[in-house]
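Subject: Structure handover

Hi,

Here is the structure I promised you. Please open it next to this email and follow along.

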Amino acid sequence: MIEFHQVFKRYEGGHEALKGVSFELPAGEMAFLTGHSGAGKSTLLKLIALMERPTRGQVILDGQNISKVKDRHIPYHRRKIGMIFQDHRLLFDRTVFDNVALPLIIAGVSDREIPKRVRAALDKVGLLSKEKQLPIQLSGGEQQRVGIARAVVNKPPLLLADEPTGNLDPELSADIMNLFAEFNQVGVSVLIASHDLALIARMRHPVITLKEGRTIRNELAEAAFDE
Amino acid sequence: MSKSNRQNTSYKISFLDRFKMAISLHKKNAANTLLDVLRHPTNSLLTILVLAIALALPTAFYVFSSNAKAISSNWSGGVQMALFLKENVSQEQRAEFIQELSFRPEFKEVVLIPKEQAIEDFKQQSGFGDALDYLDENPLPDSIILTPYENHSGAAMLEKLAQELEQNPVVDLAQLDMAWIQRYQAILEISQKVGTFVSILLAFGVLLIVGNTIRLAILNRRDEIQVIKLVGATDAFIRRPFLYTGFWYGLIAALLAALMVNIVLLLLQQPSSTLAELYNSGFSLMGLAPSQTLTLLAIGAGLGLFGAWFSVSKHLKDIQPT
């Protein structure tokens with residue numbers, strides 16, 4: 001699903017966020033990306049979503065070298081990826097329903113279809129009863145679930161999450177992670193950046209550990225090696 | 001569920017559905033932005049008023065200058081030329097000359113005013129009356145009043161004609177009283193050029209005002225735009241509501257401008273017809289014709305749309321998700 005080949009990213013101003021990262025996430029796999037803050041986790045996710053471009057190296061998504069994706073095609077690229085953020089990035093002047101419907105409206109799904117799909121997504125994250133509420137009326141865990149519903153409503157083959165449990169207590173965090181695992185079980189590839197090591201350990205999925213822009217441990221490669 | 005049991009993930013969207021949705025999106029954008037403008041009158045009212053005034057000024061100017069042109073075209077239709085004959089011209093020569101003039105293609109009407117009639121008229125109109133009886137002889141010459149056809153009433157043409165007729169041995173003087181019409185037309189021409197220039201400036205003003213309003217709207221919704229870009233919105237999708245907003249601003253302002261101009265015209269209707277009566281003129285104030293109102297609306301909406309377009313293409317690029 002995702003391949004990184006010797007990817008470097010140097011930001012304007014000289015900060016080198018990634019220094020030759022390579023890994024491969026097979027389709028349908030779920031993996032964690034961990035490391036201290038500043039290790040390059042967010043940068044790595046941003047490269048996949050084309051929020052940033054690599055300075056050097058190749059990022060391949062679904063067999064396609066994404067450095068070849070032109071700027072004006074970035075929106076279509078992003079529609080293949082469901083993204084979840086620590087700060088949820090919801091639109092606070094719109095209802096839960098409208099927030100989740102946004103990717104469908106953007107993709108041009110018909111008016112008849114939208115309510116069905118939005119409710120299916122809200123049902124999966126357990127928020128069907130809250131569709132008419134505004135995000136501000138929800139708890140942090142519920143807001144994150146809205147973010148997840150929005151990310152999956154278009155059924156993208158890949159989910160990227162950047163510290164999705166960053167602000168949540170352990171119990172809610174585990175719920176959120178289990179939700180990701182459920183999506184993974186129906187075939188969605190999932191890559192989650194998190195520094196909650198205890199939680200990650202319990203999830204039993206491969207972990208990629210970054211340190212100062214380098215991969216210091218890649219359980220995905222080890223798993224492949226074991227087989 | 002096992003991993004071998006993967007379902008095909010992405011939803012498929014047919015071309016027809018895409019097309020239908022594009023239409024429905026346009027409708028929604030148009031309706032939502034209009035509602036937005038109308039629902040927040042305090043935000044938009046001031047902008048729309050400024051735009052309306054900027055559109056009303058050139059429109060009013062246009063209406064008044066076309067009215068002024070109409071007045072002067074009435075006048076040049078009424079231009080006459082007076083030929084004063086020499087004293088020693090005989091009756092036969094005079095008759096022959098009048099015959100000759102009435103055969104010419106330029107004149108609609110050739111009227112002889114013999115000097116006897118001229119003195120009578122003068123007595124009556126001047127109020128000198130009996131005082132003139134003390135004159136030994138009639139000091140006025142015979143004269144011929146010529147009324148040219150419309151297509152021969154151009155200033156330069158008449159000037160040339162007057163010069164030609166003055167060469168005729170029976171004619172003492174050809175008088176053409178149109179210097180003031182020429183002055184009037186020259187002033188009109190200058191004021192029209194100034195008006196055009198000011199209109200262009202005001203049109204630029206409209207572009208800038210709309211552009212700036214849209215710029216503020218874009219900056220206001222910066223976070224929203226970032227989120228929408230993250231979930232895969234194209235620039236066209238993000239641009240559209242702003243373009244509609246600019247369009248509505250321009251259109252509503254133009255409607256308001258048309259209203260303003262019509263109110264002013266309505267207020268001027270009575271005084272102007274009184275004035276026209278005083279001058280024995282059939283002139284009546286022309287308002288905005290429906291086609292001109294439509295042109296105004298189209299210009300307003302077009303300027304709004306363009307202003308928004310410039311602003312959006314300039315500022316949307318700067319907003320990228322982080």
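α8(B) and α9(B) cross in a right-handed way. (A crossing is left-handed if the near helix is turned anticlockwise from the far one by less than a right angle, and right-handed if clockwise.) Their axes come within 7 Å and cross at roughly 150 degrees. Axes here are lines fitted to C-alpha atoms, for helices over the stretch in contact, and angles run from 0 to 180 degrees between N-to-C directions. The residues of this contact divide into 19 nonpolar, 8 polar and 1 charged. As for the classes, Ala, Val, Leu, Ile, Met, Phe, Trp, Tyr, Cys and Pro count as nonpolar, Asp, Glu, Lys and Arg as charged, and the others, Gly among them, as polar.

Some ground rules. This is a predicted model, where local features need pLDDT of at least 70, side-chain atom pairs count only at pLDDT 80 or more, and totals for chains, interfaces and linings use all residues. Residues are numbered from 1 along each chain as its sequence is written, while chains are lettered from A and ligands numbered from 1 in the order in which they are written. Helices (H or I, at least four residues) and strands (E, at least two) are DSSP runs, numbered from the N terminus.

Two packed helices are described by the angle between their axes and the distance between the axes. Take helix α6 (residues 179-220) and helix α9 (residues 290-315) of chain B. They pack at an angle of about 45 degrees, with axes 7 Å apart. That makes α6(B) oblique to α9(B). (Angles under 35 degrees count as roughly parallel, over 145 as roughly antiparallel, 65 to 115 as roughly perpendicular and the rest as oblique.) The crossing of α6(B) and α9(B) is right-handed. On the α6(B) side, the contact includes B:A203, B:V206 and B:L207. Contact means that the C-beta atoms of two residues, placed from the backbone, lie within 7 Å. By class, the residues of the contact of α6(B) with α9(B) are 11 nonpolar, 5 polar and 1 charged.

Now look at helix α1 (residues 15-39) and helix α8 (residues 235-278) of chain B. Their angle is about 55 degrees, and their axes are 9 Å apart. α1(B) and α8(B) are therefore oblique to each other. α1(B) passes α8(B) in a right-handed crossing. Residues in this contact include B:N29 and B:A30 from α1(B), and B:R240 and B:P241 from α8(B). The residues of the contact of α1(B) with α8(B) divide into 8 nonpolar, 4 polar and 1 charged.

Domains and sheet of chain B

Chain B is divided into domain 1 (22-74 + 183-315) and domain 2 (80-177). These bounds come from an automatic or database domain assignment. The centres of the two domains, taken over C-alpha atoms, are 54 Å apart.

Chain B also has an open sheet of 4 strands, in the order β2-β3-β1-β4, with antiparallel pairing. (Two strands pair if DSSP finds at least two bridges between them.) β2 (107-113) and β4 (171-176) stand at the edges, each with a single partner strand, so one side of each has no neighbour in the sheet. On average, neighbouring strands of this sheet are turned by 20 degrees against each other, direction ignored. Strand β1 (residues 81-85) and strand β3 (residues 143-148) of chain B are joined by 4 bridges. B:M81 has B:L146 in β3(B) as its bridge partner.

Two helices lie across these strands. Helix α3 (residues 91-103) of chain B covers β1, β2 and β3, running at about 165 degrees to β2(B). Helix α5 (residues 155-166) of chain B lies across β1, β3 and β4, at about 170 degrees to β4(B).

Chain A

Chain A has an open, antiparallel sheet of 4 strands too, in the order β2-β1-β4-β5. Strand β1 (residues 2-10) of chain A is joined to β2(A) by 7 bridges. A:R10 stands opposite A:E16 in β2(A).

Where the chains meet

26 residues of chain A are in contact with 24 residues of chain B. The largest share of chain A's side, 4 residues, comes from α3(A). That side has 14 nonpolar, 6 polar and 6 charged residues.

Best wishes
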